[in-house]
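Have a look at the picture first.

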Amino acid sequence: MDSAFQIAIRNIGVLIFLLLSIALKTTNASIHVYQNQLFDEVGNAFLLPGGSEGLAASLSSDKSATGGRSFIRFENITFWRTQAAADEHVDMEHSTGLIQAVIFEAADRNNIGGSAYGGQRSICCTPDLAKLEGCKQGEVIRIPSATDINWPIVLNIQFSGNSLSKIIDNAEVSITKTGMYNLFFVACDPKLKGTVMSGKTVWKNPDGYLPGRMAPLMKFYVYMAVAYLLLSAVWFSQYMRFWKDILQLQRCITVVIGLGLFEMILWYLDFANFNNTGMRPIVITTWVVTVGAIRKTLSRLLILSVSMGYGVVRPTLGGLTTKVLLIGATYFLASELLDITEYVGTINDISGRARLFLVLPDAFLDAFLILWIFTSLSKTLEQLQAKRISVKLDIYRKFSNALAVAVIASVAWITYEVYFKATDPFNERWQSAWIITAFWDILSFALLCVICYLWAPSQSSQRYAYSEDAGEEFDDEEAQSLTRGHSDGDVSLVKQERKNGHVGVSDQEDDSEEDKRE
């Protein structure tokens with residue numbers, strides 16, 4: 001087996017070892033943790049967001065069983081008010097400060113709060129709203145849902161006497177309807193300004209702890225792992241069969257296939273562990289997204305190198321090597337930062353502004369790579385057409401067609417993704433949001449399959465590698481496709497006699513001058 005493939009296997013082994021060595025270092029994931037978080041002033045209330053997730057309806061009503069149930073559980077929630085607020089009360093007083101935990105479905109978001117005379121919307125009940133809405137002054141305005149009068153859920157937590165803290169008794173709210181649920185802790189009393197909260201809430205779906213948006217991806221990664229496994233089996237069987245005739249380009253393809261399979265397996269293991277335990281190791285997730293960023297970077301560099309004719313039209317990238325490595329390193333960093341923001345430490349089903357900011361450089365680099373790829377591909381096709389190398393020209397035409405289809409599909413999907421997010425600001429279509437992520441993995445895999453088909457290992461691979469006799473011509477009827485290796489290939493592929501003896505030398509000089517200019 002060639003050295004490049006052995007290096008890739010060793011690197012994968014090192015990654016597995018590192019993952020296993022840090023597997024015990026975990027952090028809470030679907031378990032939302034609050035560590036001395038401060039209530040923020042919003043309008044006439046003090047708010048602390050508790051989380052937002054898509055939850056499916058419980059499959060079982062048996063509260064003694066965990067399996068099949070969907071719920072939000074409060075554990076060790078503790079509120080701390082300021083010393084000044086506590087000193088305003090005496091030890092024997094009751095109800096000296098109210099904090100309310102509000103749970104509502106996104107569809108019922110207008111059932112929280114109200115507006116007097118069409119003015120600014122208020123979360124807490126004011127004297128005017130108490131007359132109009134019949135709410136209780138100093139508490140959250142709650143309007144019963146049209147589908148269930150018990151929703152939204154409001155839990156009251158009262159400070160007693162002059163105590164500084166208040167602990168919620170462990171409470172659990174069962175989810176009986178599928179939807180996007182939001183949790184807020186609200187204080188309407190102005191004296192509770194500066195209150196902080198610690199503790200955690202556990203959010204669970206019937207099938208496990210995965211947030212609703214992420215749950216379908218666990219099965220998806222199983223299917224993708226199987227697809228990569230089948231591709232690997234076909235590719236490696238050909239690779240081992242014709243290992244003596246392997247091109248450098250085919251070694252690069254081998255590494256990308258191996259990384260793709262490894263990434264899909266890691267994603268599934270990460271999601272399965274998260275779903276079963278409710279805990280997600282932050283370092284392991286970081287390694288998973290790092291492997292993914294490496295795979296995406298190498299995939300793009302592979303397509304760029306193929307478009308430049310690496311290993312087929314030119315032996316090396318020449319003066320472009322530094323530029324290719326630089327764009328690769330930049331793309332890796334942008335992709336790594338984006339994926340870390342998206343997956344590492346992320347619990348809620350709503351993406352933050354930081355992710356939106358990091359999407360821009362990633363999108364810009366993708367657009368720049370696409371432009372570079374098609375520019376290089378156009379030059380390569382012109383060279384092959386001028387030198388009348390029919391077999392290579394046919395392969396590159398098929399590759400350019402596949403690439404064009406992929407770009408058109410990408411633009412169409414980006415348009416749909418923008419529409420999807422613009423028309424769903426509250427993530428009410430969370431059950432189908434996983435398709436947005438899955439599409440890019442499917443498209444990347446499909447394009448990899450096309451490359452594997454066009455540049456599959458065969459006994460005639462070396463005949464289609466770069467040759468100093470760049471002006472050689474092949475008879476169209478006798479030329480064999482790179483993907484069709486036959487035992488009689490040595491006889492059927494006959495090199496035609498060159499009409500001009502100096503063509504190969506002049507073409508080689510032209511390629512060298514082009515590398516210098518680029």
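Helix H4 gives the most to a nonpolar surface patch, with four residues (helices are DSSP runs, H or I, of at least four residues, numbered from the N terminus). Both H4 (215-241) and H5 (248-277) supply at least two residues each.

Leucine 269 sits in H5 and counts as partly exposed because its relative accessibility is 48% (buried is under 20%, exposed over 50%, partly exposed in between, using a 1.4 Å probe and protein chains only).

## Rings inside

Which kind of aromatic pair do tyrosine 221 and phenylalanine 271 form? Theirs is edge-to-face, at 5.6 Å centre to centre with 80° between the planes (rings pair with centres within 6.5 Å, and planes over 60 degrees apart count as edge-to-face). Tyrosine 221 is in H4 and phenylalanine 271 in H5, so the pair ties together parts 50 residues apart in sequence. Tyrosine 221 is buried at 2% relative accessibility, and phenylalanine 271 is buried at 0%.

## About the model

This is a predicted model, where local features need pLDDT of at least 70 and side-chain atom pairs 80 or more, while totals for chains, interfaces and linings use all residues. Residues are numbered from 1 along each chain as its sequence is written, and side-chain values use heavy atoms, leaving out hydrogens and water.

How values were computed
Phe/Tyr/Trp six-rings, centres within 6.5 Å; stacked < 30°, edge-to-face > 60°.
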